[in-house]
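This briefing concerns the single structure displayed below.

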Amino acid sequence: MFLTLGLRVLSLSRTFSTSAVASFPKLKTHQGAKKRWKAISSGAFKRAKAGHSHLNVSKRPDRKNRLSQLAYSSPTQTAILKKAMPYS
Ligand SMILES: *[C@@H]1O[C@H](CO)[C@@H](O)[C@H](O)[C@H]1NC(C)=O
C-alpha cells in the first residue's frame, strides 16, 4: 500500500513534456488521429492534405502544390485532438 502510494507521488513529481496529467486508468491514444495528426510546439496539430499521392495526371500544378502544403488544426479541432491524443 505504501509502495504504490510512494510510486504515485514519485510519478507526479516528475515533469513530462506531455499535456496529460497523471491519471488512473491510463488514457488510450486515438489510433486514427495518431496516424494523421502530429502535435506542434504551439499546442495545435498539423496534418498532410489528402489527394496528393496518386491520380495526379489530371490535376493542375497549382492544385498539386496546394495539396502538398500542411494543414493545421482549428481551435475546435485542437480541443478534440488534445483529448484524443493525451500524450502528444
Ligand atoms: C503522381 O502520382 C504518382 C503515382 O501515381 C506518384 O508517384 C507521384 O509522386 C505523384 N506526383 C505528384 C506531383 O503528386
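How many helices and how many strands does the chain have? In this predicted model, the chain has four helices and three strands. Read from the N terminus on, the elements follow the order α-α-β-β-α-β-α.

**Chain as a whole**

- The chain has 88 residues, and buried residues make up 17% of them.
- The accessible surface of the chain amounts to about 7500 Å², and carbon and sulfur atoms contribute 62% of that area.
- Among contacts in the chain with a separation of 6 or more, 60% are between residues 24 or more positions apart.

**Sheet**

- The three strands make up an open sheet in the order β1-β2-β3, with antiparallel pairing.
- The edge strands of this sheet are β1 and β3, since each of them pairs on one side only.
- Strand β1 covers residues 38-39 and strand β2 covers residues 45-48; the two pair in the antiparallel sense over two bridges.
- Within this pairing, Ala39 has Phe45 of β2 as its bridge partner.
- The hairpin of β1 and β2 has five residues between the strands, and in this hairpin Gly43 adopts a positive phi near 105 degrees.
- On the other pairing, β2 is joined to strand β3 (residues 70-72) by three bridges, and these strands run antiparallel.
- Opposite Arg47 stands Ala71, which belongs to β3.

- Ser73 is located in the loop between β3 and α4, the latter being residues 75-84.
- Is Ser73 buried or exposed? Ser73 counts as buried because its relative accessibility is 10%, and the cut-off for buried is under 20%.
- The side chain of Ser73 forms a polar contact of 2.8 Å with the side chain of Thr78.
- With neighbours within four places in sequence left aside, the residues in contact with Ser73 are Trp37, Ala44, Phe45, Thr78 and Leu81.

- Which residues are around the ligand? They are His52, Ser53, His54 and Asn56.
- By class, this shell holds four polar residues, with no nonpolar and no charged residues.
- An N or O atom in the side chain of Asn56 lies 2.3 Å from an oxygen atom of the ligand.
- For His52, a backbone N or O atom is 2.9 Å from an oxygen atom of the ligand.
- For Ser53, a backbone N or O atom is 3.3 Å from an oxygen atom of the ligand.
- The ligand taken alone exposes 360 Å², and the protein buries 41% of that area.

Technical notes: Residues are numbered from 1 along each chain as its sequence is written. This is a predicted model: local features need pLDDT of at least 70, side-chain atom pairs count only at pLDDT 80 or more; totals for chains, interfaces and linings use all residues. Side-chain values use heavy atoms; hydrogens and water are left out. A residue is near a molecule or strand if one of its heavy atoms lies within 4 Å of it. A polar contact is a pair of N or O atoms within 3.5 Å; within protein, one must be able to donate a hydrogen and the other to accept it, and residues adjacent in sequence count only if both atoms are side-chain atoms. Accessible areas come from the Shrake-Rupley method with a 1.4 Å probe; for residues, only the protein chains shown count as cover. Ala, Val, Leu, Ile, Met, Phe, Trp, Tyr, Cys and Pro count as nonpolar, Asp, Glu, Lys and Arg as charged, and the others, Gly among them, as polar. Two strands pair if DSSP finds at least two bridges between them. Buried means under 20% relative accessible area, exposed over 50%, partly exposed in between (1.4 Å probe, protein chains only). Contact means heavy atoms within 4.5 Å.
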